[in-house]
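Here are my notes on this entry. Please read them alongside the coordinates.

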Amino acid sequence: MDQSEHVPEQHAQVLSLWPIGVAVGVAFALVGLLVSWWIVAVGAVIIVLFGTAWIYDVTRDRRPQPVAAAGPPAAGEQIERASVVEHETSRKGFLSAMTLGLGAAIGAIVTIPPLVFAGLPPFKKNQGFFDVDVDLGPLRDFEEGQWLVTHFNMNPALGDVAERTAYVRFNGDLEGEPSFTIISNRCVHLGCPVQANGPMTPEQKRTYAGGRRLVTFTPVLPAGGFGCPCHGGQYDTEGNRTAGPPVRALDRWAYKVVDGRLRLVGAYSVNEVEGTGKDANIGKYRLAQPGIHVDGVEQILYPFIPPS
Amino acid sequence: MPKSERRKQVETVVTYPLDWIEERTGWVGAIKYFLFRKVPSRTNWFHTLGSATLTAFLVQAITGIILAMYYKPDPDSAYESIQFITNDLTWGWLVRGMHRFGASVFIILMFFHMARVFLFGAYKYPREVNWMVGAALLILGMFEGFTGYLLPWDQTSYWASVVGINITGTGPFVGPFLANILKAGAEIDGNTLSRFYSIHMLVLPAAIAGLILLHLWLVIRLGVSNPPWGPQPEEMDEDDEAPARQGLVQPTPRSNGK
């Protein structure tokens, strides 16, 4: 067909976007037939609304024009507006918009589920890693003032990655309750294992297998506190930072004594410890990842901490 | 000397299949367009760093695909499978070595290539977008190195990943969330290993390959830049110094009012 012949016809055609809504309504109605009459009703309402608008749209040329449009033409402007309308309602423009829109919709339908699947499960609570209730054995096995490198597995099913180490010291009784200092060996700079700055006595190593997991204890004398081999962070025996890049004091394990046995029941972060041993005043915070400030002005950089 | 009858016959036989393909696909022309481009006269060996980097990437891709046939991304067997590749399989030590040391070669060559582009001023108009694509390739390449480092699942790789993930975790506001996404949970475990494996061998190589195509396309479209010591436009001889695309030395003003 000759192009010049075809163009005048196009001018008369008024294409409308309302049929998309009608199609959505039909889809609702068909799905509703399978699912619920309410959805059929919603579909019917959509069909009626969009159908009315569609009919109104395509019959515009046959209805009397509004008075303003029929008034004296502001020549240039009028022509420009007409050409814009022509462009927007052309078959080509309509099909382009439909292709782009459908492509975007299909792309979203295909992309969003994998992205959610990749990104959200890591934030699910209680993934079974920290089944925190570690039995460290009867109190009589702990000698007052002695530090023990205490090694245990949080979840044997996960293998070596669930191995954890804590430095445990019995502080004697405080107001009739036994007091312990239990410091996590996870450096609060970037998570390497801190080491005791002092001699270990592996020949006095003992094990405790009374709980569900094997626990090993090795006496140690951290005369110089604790130090991290990765980037040189140093801590005193209460876990306070003394040198290097760490941003807070070492994390601690929460404990309780049940039936004369010491049990670990969780972990928490610490900004600073004042005093020592059983008289220590510990600034407790929710367990945070290494490298994160829990106090001071820097904490505003970490307003939301995901569950751990 | 006029061509002999025999030679014409041979040429016909050789060019017939090429013509057949060209007529139906245009591939011969495309390859000619890709290979037979005009380049500045004073290029030197520094201009080969880009293709050297590409070669390093191809080595990583090919050796990585083969290693994936033997590697097992599971906490119980990852370390043993790598020991098996290195010690027991025929030429396993070689292919793993190519992949392991080739990773460093790839990163180093990217930096050399970037230094060449920077020092030659080849990032300037109209090649800014190609610099940006290259920067994205550098970031993705480093991420490849980070994710690949965990896969041997020994003490070094484990603690390196702990530190790397915790560095990510210290980023303000979103850091802790990014760290959890990397770890596939609150702690590093077997899920972290399989996640890193998937990112290392599927997500990043696909992204890098796509960006390399874009990078190459822009090189072909814009041509190789004249080195700083090359002839300046006024010294150029019309014939042999004409740029690959005329618009590059005489660009149309971007707002000439037309």
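How many residues lie between β11(A) and β12(A) in their hairpin? Two, and A:Asp259 in that turn has a positive phi of about 55°.

1. Ground rules. This is a predicted model, where local features need pLDDT of at least 70, side-chain atom pairs count only at pLDDT 80 or more, and totals for chains, interfaces and linings use all residues. Residues are numbered from 1 along each chain as its sequence is written, chains are lettered from A and ligands numbered from 1 in written order, and side-chain values use heavy atoms, without hydrogens or water.

2. Strand β12 of chain A (residues 261–274) pairs antiparallel with β1 (residues 134–138) over three bridges. Strands are DSSP runs of E, at least two residues, numbered from the N terminus; pairing takes at least two DSSP bridges. A:Arg261 is the bridge partner of A:Pro138. A:Val258 also stands opposite A:Arg261.

3. Eight bridges join β11(A) (residues 249–258) to β12(A), again antiparallel. Four join β12(A) to β13(A) (residues 281–285), also antiparallel. There, A:Val273 is partnered by A:Ile282. Six residues separate the strands of this second hairpin, and A:Gly275 takes a positive phi near 80°.

4. Chain A puts 27 residues in contact (heavy atoms within 4.5 Å) with 25 of chain B. The buried area is about 2200 Å², 65% of it from carbon and sulfur atoms. That area is the accessible area (1.4 Å probe) lost on being put together, summed over both parts. A:Val161, A:Leu190 and A:Gln289 lose the most in chain A, together 25% of what that side buries.

5. The rule finds one salt bridge across this interface. The criterion is a Lys or Arg side-chain nitrogen within 4 Å of an Asp or Glu carboxyl oxygen. A:Arg164 and B:Glu187 meet at 3.0 Å, N to O.

Note on methods. Buried area = accessible area lost by both parts, 1.4 Å probe.
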